[in-house]
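Work through the exercises below with the structure in view. Try each task before reading its solution.

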Amino acid sequence: MSNRQNTFGPSWGSAVINTTSTSTSSDAVGLHARVICVTNQDGTDGVYVRSGDSTVAATTADYYLPPNGSVTLTKSPEDTHVACIAVANTPAVHIIPGQGI
């Protein structure tokens with residue numbers, strides 16, 4: 001049994017900030033990156049997140065990220081964009097590609 005822990009290794013300098021709204025919006029993130037770390041920087045409003053190609057659109061049926069929440073998600077290496085949609089208002093969502101976990 002190994003004591004080795006898999007940790008997230010960010011792609012330094014590759015982060016984007018998505019200022020969400022109640023309409024979907026997307027940002028380009030690392031092609032070939034298998035993992036993204038997504039952080040909702042808002043203390044009040046949740047967001048929904050989805051990865052895909054340049055036409056990706058987030059809906060309320062996608063991954064929910066609560067206020068002040070952070071998650072590391074695995075994505076397809078062909079996914080080039082991450083889309084976000086807010087429950088309300090305009091939360092800022094920090095997205096950084098990387099590897100690990």
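## Exercise 1: a residue in a loop

Solution. The model is predicted, so local features need pLDDT of at least 70 and side-chain atom pairs count only at pLDDT 80 or more, while totals for chains, interfaces and linings use all residues. Residues are numbered from 1 along each chain as its sequence is written, and side-chain values use heavy atoms, with hydrogens and water left out.

Step 1: Asp 62 lies in the loop between S5 and S6. Helices (H or I, at least four residues) and strands (E, at least two) are DSSP runs, numbered from the N terminus.

Step 2: Leaving aside neighbours within four places in sequence, Asp 62 is in contact (heavy atoms within 4.5 Å) with Tyr 48, Val 49, Arg 50 and Ala 57.

## Exercise 2: the salt bridge

Task: Find how many salt bridges there are, and which residue pairs with Asp 62.

Solution. Step 1: A salt bridge is a side-chain nitrogen of Lys or Arg within 4 Å of a carboxyl oxygen of Asp or Glu. By this rule the count is 1.

Step 1: The partner of Asp 62 is Arg 50, and the closest N and O atoms are 3.2 Å apart. The pair links distant parts of the chain, with Asp 62 in the loop between S5 and S6 and Arg 50 in strand S5, 12 residues apart.

Step 2: Arg 50 has 38% relative accessibility and counts as partly exposed.

## Exercise 3: the sheet

Task: Give the strand order of the open sheet and say which strands stand at its edges.

Solution. Step 1: The open sheet has 4 strands in the order S3-S8-S5-S6, with antiparallel pairing. Strands S3 (25–28) and S6 (63–65) are at the edges; each has a single partner strand, so one side of each is left without a neighbour in the sheet. Two strands pair if DSSP finds at least two bridges between them.

Step 1: Strand S5 (residues 47–52) pairs with strand S8 (residues 81–86) in the antiparallel sense over 6 bridges. In S8, His 81 is the bridge partner of Gly 52.

## Exercise 4: an edge-strand residue

Task: Describe the surroundings of Ser 25.

Solution. Step 1: Ser 25 is found in strand S3 and is partly exposed, with a relative accessible area of 25%.

Step 1: Beyond its neighbours within four places in sequence, Ser 25 is in contact with Asn 18, Thr 19, Thr 20, Val 82, Ala 83 and Cys 84.

Step 2: From C-alpha to C-alpha, Ser 25 and Val 56 are 8.6 Å apart in space, and they are 31 residues apart in sequence.

## Exercise 5: the cysteines

Step 1: Cys 37 counts as buried at 15% relative accessibility, and Cys 84 counts as buried at 0%.

Note on methods:
Buried means under 20% relative accessible area, exposed over 50%, partly exposed in between (1.4 Å probe, protein chains only).
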